[in-house]
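Reader: I am new to this structure and would be grateful for a close look at one part of it. Please begin with the aromatic rings and then proceed to their surroundings.

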Amino acid sequence: MKKDAVLYSSLVMAFSAGFVDTSTFTVADGLFSAHITGNLVVFAYKLSDHPELSDFVNLISFPVFITAVILTAKVNARYKNQKGIFASIGILLIFSGIIAFGLKQQDISTGWVYRTMLMIIVFSMGIHNTANRLYADTVFGPTTVMTGNITRGIIDFFLYHSTQHNTKKLVDLQQTTILLTAFLTGCISGALVSFNFGLVSMLIPGILLTAYYLFFHQHNIVNEIK
């Protein structure tokens, strides 16, 4: 996996994760679809303030996410289809966006179809997280949860400027900055777009991921090898 391909993959994956996670949190009553453990915090908060039955629904995201991780690992172990796994994230998001469009036309924002759509989004982010682990060399670092990247970036910054003025530390810092910038851009974009258009916004990261991994990703690798 060469330099330019890793850069583009890092940008696409981090942007998409930030976009999707912020969109569901903004529109779907505080649901984290990528940063799944954040749902524990939201759930605990809701329990402290007149909890309702609907507050427990977000907990379904955990078994859905876990199922996505297990199935992705099994499919990868059997078929080793990197492009297919990454593209499937986008395909599921496109499917969710189409469902969201249909629901929006009928002014529906609750019910089992709506909840199923949300779980499809969570499932796609489960694949996203798993693919990031299985093919860690395709990106600069984790693309869904930025806490570790921020910690790494601060350490690299400190080491570079205080003790180790070497190129590797500078490169590591630049890579972390790229991930953080792409993720933040995705968060801001997701919040703005989903606030105005709802979860139809899933079409944006869905098309981006699908188009990149089906039509451009392999091309980038071939060009780099040449």
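How many aromatic pairs does the count come to?

Author: The model is a predicted one, and within it the count comes to five aromatic pairs. One of them is formed by Phe 86 and Tyr 135, whose rings are tilted, with 6.0 Å from centre to centre and 55° between the planes. This pair joins distant parts of the chain, since Phe 86 belongs to helix 4 while Tyr 135 lies in the loop between helix 5 and helix 6 (147–162), 49 residues apart. Phe 86 has a relative accessible area of 1% and is therefore buried. Tyr 135, with 14%, is likewise buried, because the limit for that term is under 20%.

Through ring pairs, Phe 86, Tyr 135, Tyr 212 and Tyr 213 are linked into a cluster.

The largest nonpolar core has 38 residues, and Tyr 213 is among the members that touch the most others, together with Leu 93, Met 117, Leu 118 and Leu 199. At least two residues of this core come from each of helix 1, helix 3, helix 4, helix 5 and helix 8 (203–225). The greatest contribution is that of helix 5, with 10 residues. Leu 199 illustrates how parts of the chain meet: beyond residues up to four places away in sequence, its contacts include Ser 23, Val 27, Gly 97, Tyr 114, Met 117 and Ile 121. A separate core of nine residues lies apart from the largest one, and its members include Val 6, Ala 14, Ala 17 and Leu 179.

The buried residues of helix 3 are Ser 61, Val 64, Phe 65, Ala 68, Thr 72 and Asn 76. Viewed down the helix axis, these residues fall within an arc of 95°, so they line one face of helix 3. A general rule applies here: an α-helix has 3.6 residues a turn, so residues three or four places apart point the same way. The buried residues of helix 3 are covered by elements including helix 2 (38–47), helix 4 (82–105) and helix 5 (112–134). On the face turned away from the buried side are the exposed residues Lys 74, Ala 77 and Arg 78.

After helix 3 comes Lys 80, in the loop between helix 3 and helix 4. Lys 80 has a positive phi of about 50° although it is not a glycine, and at 58% relative accessibility it counts as exposed. Asp 107, which is found in the loop between helix 4 and helix 5, has a positive phi near 55° and is also a residue other than glycine. Its relative accessibility of 71% means that Asp 107 counts as exposed.

Finally, the whole structure contains one salt bridge. Lys 46 forms it with Asp 29, and their closest N and O atoms are 3.0 Å apart. The pair connects Lys 46 in helix 2 with Asp 29 in the loop between helix 1 (3–27) and helix 2, 17 residues apart. Lys 46 counts as buried at 12% relative accessibility, whereas Asp 29, at 45%, is partly exposed.

Notes
Residues are numbered from 1 along each chain as its sequence is written. This is a predicted model: local features need pLDDT of at least 70, side-chain atom pairs count only at pLDDT 80 or more; totals for chains, interfaces and linings use all residues. Side-chain values use heavy atoms; hydrogens and water are left out. Buried means under 20% relative accessible area, exposed over 50%, partly exposed in between (1.4 Å probe, protein chains only). Helices (H or I, at least four residues) and strands (E, at least two) are DSSP runs, numbered from the N terminus. The arc is that of the directions from the helix axis to the C-beta atoms. Contact means heavy atoms within 4.5 Å. A salt bridge is a side-chain nitrogen of Lys or Arg within 4 Å of a carboxyl oxygen of Asp or Glu. A nonpolar core is a set of buried Ala, Val, Leu, Ile, Met, Phe, Trp, Tyr and Cys residues joined through side-chain atoms within 4.5 Å. Rings of Phe, Tyr and Trp (its six-membered ring) pair if their centres lie within 6.5 Å; planes under 30 degrees apart count as stacked, over 60 as edge-to-face and the rest as tilted.
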